[in-house]
Structure formats: C-alpha cells, structure tokens
Amino acid sequence: MSHTATLVWGDHLLMGHGPMDELHQEFVQLIALLQTAEDSELPSLLQAMQTHLQHHFAEEDQWMLGTSFPPRDCHIDEHAAVLKSVAEVREKLDQGNVALCHDLVRALSEWFPGHATHLDSALAHWMSKQRFGGKPVVIRRNLQT
C-alpha cells in the first residue's frame, strides 16, 4: 500500500448545499481509495477520479453560470487546471510513473479543503441567498466518516 489517508470526510467540509456536499463526499471517498491503493489499482482509481471530477466540476460550473456567480471565471479556471493535471498524470501513469500519481493524490488532498472552504462555500452561499434570501445554515457536530 502507498500512503495513509489524510483527507477524511466530516461535517467540517459541509457547504450547506446538498448536491454540492454529495459531490464533495464522493471526492473525499475517492481520494481515500487512491491514498491507500496498491500500485496496480491506481490506473482504474485515477480513471474513476477523472470521471468524477469531470461530472463534479461540470455541475459546479453550471451552477455558477446559471446563477451569474460573480467570481465564476477564476473558479471555472481552477477546475479546468485540475482536470488538465489529472489527464496529464493519467498519461504518465499509463507509462508507469506511479510516483507522479502519488504526488497528484497528495496535492489534491491538500488542495481540496481550501478550495471548498473559500470558493465552493462562496458559491453555496450565493445560491442559497438567491434561492432563499440568506446563507445556508450548516450545523457542525464534528462528525467524521
């Protein structure tokens, strides 16, 4: 096995928008699988992550465009950069570069909490304010799964 999981799903990652929270929980679960996978499992798991991220980011991008979210351009650009990195690492992994895949997984696990806390939470707040007139209410009980 490679690395131990460092990113764990918990209510500290809740944004208050159910569909977004579901996408984020799936992302965290895939990261955990990648962090603890045997090298032989990495190609199929990285493919699953790429597929997930394509869907995940397409959903968020559509929410931003559909609600005219003001800072959407930088958020969408960040999504595109992550997708590009994952595609490039998949190519290198197919050529046998396992270390680069481990580096990507570590980078994604370090990147995600800040991305969620700053960019995604702002989007969740924006959508909630547009729909309900205020920020979402998120009750955190320090639960982890």
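So, surface first: the protein exposes about 7900 Å², with carbon and sulfur atoms supplying 54% of that, and the areas come from the Shrake-Rupley method with a 1.4 Å probe, where for residues only the protein chains shown count as cover. Keep in mind this is a predicted model: local features need pLDDT of at least 70, side-chain atom pairs count only at pLDDT 80 or more, and totals for chains, interfaces and linings use all residues. Residues are numbered from 1 along each chain as its sequence is written, and side-chain values use heavy atoms, leaving out hydrogens and water.

Okay, the fold. The protein has four helices and zero strands, taken as DSSP runs numbered from the N terminus (helices are H or I, at least four residues; strands are E, at least two). UniProt, in an unreviewed entry, lists residues 20–121 as "domain: Hemerythrin-like"; its positions are in the numbering used here, feature names are shortened, and annotations may be inferred rather than shown by experiment. That span is 87% helix, and its end C-alpha atoms lie 10 Å apart.

Now, is H17 buried or exposed? It's buried, at 19% relative accessibility; buried means under 20% relative accessible area, exposed over 50%, partly exposed in between (1.4 Å probe, protein chains only). H17 lies in the segment before α1 (18–36). Leaving aside neighbours within four places in sequence, H17 is in contact (heavy atoms within 4.5 Å) with W63, A124 and M127.

Last, cysteines. C101 is buried at 0%, while C74 is partly exposed at 46%. The whole structure has zero disulfides, meaning pairs of cysteine sulfur atoms within 2.5 Å.
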